[in-house]
Amino acid sequence: MGTQPVSRENEMIQVEALTKQFGAFRAVNGISFNIARGEILGLLGPNGAGKTTTLRMLTGFLKPTSGTIRVAGQPMDDQGLALKRMMGYLPESAPLYHDLLVFDYLRYVAEIRGLRAGARIERIRQLADICQIGDVMHKPIGVLSKGYKQRVGLAHAMMSDPQILILDEPTSGLDPNQIVEIREIIRQIGREKTVVLSTHILPEAEATCDRILIIHQGTIVADGATDQIKRSAAGEQRIHLTVAHADPEAVRDRLGKIDGVADVATETPANGTLPVVLVCRGEADLRGAVYHEIRQTDWDLLEFYRETQTLETIFRKLTRED
Ligand code: ATP
C-alpha cells in the first residue's frame, strides 16, 4: 500500500500543481500527489493549512484556480458529475436533519441518490452494519451523540457505494472511545475503498492512514508512510552515550573519526562520567560502529541509546510558522 511504489494504473486520484487562490490569498499552492486504489491517505496539517480547501477541490465542490485533478484517469473538469458519483464526501460538520429518525433520513438519502426503491432497504441494512448504527435506526438524529451522528454522516457518504471516500476531520469533537470506534470503521472501509481524510491530530493520522501528506501553508512538506517520513524528515540521527574514565578530547577524536558521524558533543564531566551526543548523517545505524570503537578503549560505557524522532517532533519542525 502506501509504502510501495505505485504504478500508474493503480492510481485512483492524480493531483498535479493544484492551486486555490481566494482573492490575494493562496490557500493551496501548487501541490501534486497521487492516491492509489485502496489506500488510506491522511492530509495532516495545522489549522488553516489548506486541508479542507484541497478536499473540496478533490470532491469537485470547489473549482481550482489552476492545476489538474484526474480521477480514475479522467480529468475532473470534463467529467465532473460522473466522477462526483464515484465519491462519497463527509464534510467537517455533516448537515443532518435533526428531526428525522436515522432510518427515515437514510431512506431519504437513498432516494435522492437514485437507488432503486427495491434496493434501498437492503443498502440501509448493509450501511447499518458497516457504520454500526443498527441500534439507533429508530432514534431522531438530534438526540444522537456526536460519534453516532458522525457514523450516520458516514453512512450518508457511502450510500451509493462510492469507490472513493473523502472525510474532512472525521473524528473532530469525538471522545477517545468514539475516536477509536470511528477509526476502526474507517480502517474496515479502507480495505475496499480509497479513503482520503484530513486531520490535525497526529496519532489519528498515524493509527488510521497508510500514508500521510503533511500540509503547511498550502504546500506539501512531507509525503510518505509514517516510518518513511520519520526517517527522511529526520535527516540526521543522534546517539547518546555516557562514558566514565574517558578524556573528552580523546572521545571527540576517536568517535569523530567514524564514517557518518558529523559531530561529537561532550558535556562537562560530572562525578567522573561524561555525557556525549553523536550527531550522525543519513539513515545508517551507526551504533555497531560506535560500540566497536568503545570496546577498543578502557572507558566504561554507562549509557548508550539512539534518539528516535516522534512524528510529533517532525510535525512541529515542518509546520513552524517561520
Ligand atoms: P482547519 O484545520 O482549520 O479546518 P484547513 O487546513 O482545513 O484548516 P482550510 O479550511 O483549507 O484549512 O483554509 C486554508 C486557508 O484558506 C485559511 O487561511 C482559510 O481562512 C482560507 N480560506 C478558506 N476558504 C476561504 C474562502 N472561501 N475565502 C477566503 N479564504 C478562505
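## Salt bridge between Asp253 and Lys257

Lys257 has a relative accessible area of 64% and is exposed. The model is a predicted one. The side chain of Lys257 meets that of Asp253 in a salt bridge, with 3.5 Å from N to O. Asp253 is partly exposed, its relative accessible area being 44%.

## Other salt bridges

The structure holds 13 salt bridges. One of them joins Asp161 and Lys193, whose closest N and O atoms are 2.6 Å apart. This pair links distant parts of the chain, 32 residues apart. Asp161 sits in the loop between helix H5 (146-157) and strand E7 (164-168), and Lys193 in the loop between helix H6 (176-189) and strand E8 (194-199). Lys193 counts as buried because its relative accessibility is 10%, and buried means under 20%.

A salt bridge also forms between Asp285 and Arg306, with 3.9 Å between the closest N and O atoms. Asp285 lies in the loop between strand E13 (273-281) and helix H10 (287-295), whereas Arg306 lies in strand E14 (residues 300-307), so the pair ties together parts that are 21 residues apart in sequence. Both partners are partly exposed: Asp285 has a relative accessible area of 40%, and Arg306 has one of 27%. Elsewhere, a network of salt bridges links Glu39, Arg211 and Asp223.

## Ligand site

There are 13 residues around the ligand, and Gly48, Gly50, Lys51, Thr52 and Thr53 come nearest. By class, the shell divides into five nonpolar, five polar and three charged residues. Strand E2 (25-36) and helix H1 (51-58) each supply at least two residues of this shell. The largest share, three residues, comes from H1.

Which residues place polar atoms by oxygen atoms of the ligand? For Thr53, a polar side-chain atom lies 2.5 Å from a ligand oxygen. For Gly50, a polar backbone atom is 2.9 Å from an oxygen atom of the ligand. For Glu169, the distance from a polar side-chain atom to a ligand oxygen is 3.4 Å. On its own the ligand has 640 Å² of accessible area, of which the protein covers 60%.

## Nonpolar surface patch

Tyr97, Tyr108 and Ile112 form a nonpolar patch on the surface. Together these residues have about 320 Å² of accessible area. Tyr108 belongs to helix H3 (residues 102-112). With a relative accessible area of 35%, Tyr108 is partly exposed.

## Exposed positions and distances

Ala24 is found in the loop between strand E1 (11-22) and E2. Ala24 counts as exposed because its relative accessibility is 81%, and exposed means over 50%. Ala24 and Val196 are 172 residues apart in sequence, and their C-alpha atoms are 28 Å apart in space.

Arg125 lies in helix H4 (residues 117-130). Arg125 is exposed as well, with a relative accessible area of 54%. From Arg125 to Leu197 the separation is 72 residues in sequence and 25 Å in space, C-alpha to C-alpha.

Conventions:
Residues are numbered from 1 along each chain as its sequence is written. This is a predicted model: local features need pLDDT of at least 70, side-chain atom pairs count only at pLDDT 80 or more; totals for chains, interfaces and linings use all residues. Side-chain values use heavy atoms; hydrogens and water are left out. A residue is near a molecule or strand if one of its heavy atoms lies within 4 Å of it. A polar contact is a pair of N or O atoms within 3.5 Å; within protein, one must be able to donate a hydrogen and the other to accept it, and residues adjacent in sequence count only if both atoms are side-chain atoms. Accessible areas come from the Shrake-Rupley method with a 1.4 Å probe; for residues, only the protein chains shown count as cover. Helices (H or I, at least four residues) and strands (E, at least two) are DSSP runs, numbered from the N terminus. Ala, Val, Leu, Ile, Met, Phe, Trp, Tyr, Cys and Pro count as nonpolar, Asp, Glu, Lys and Arg as charged, and the others, Gly among them, as polar. Patches are made of residues with over 30% relative accessible area and no salt bridge: like charges are joined within 9 Å, nonpolar side chains (Val, Leu, Ile, Met, Phe, Trp, Tyr) within 5 Å. A salt bridge is a side-chain nitrogen of Lys or Arg within 4 Å of a carboxyl oxygen of Asp or Glu. Buried means under 20% relative accessible area, exposed over 50%, partly exposed in between (1.4 Å probe, protein chains only).
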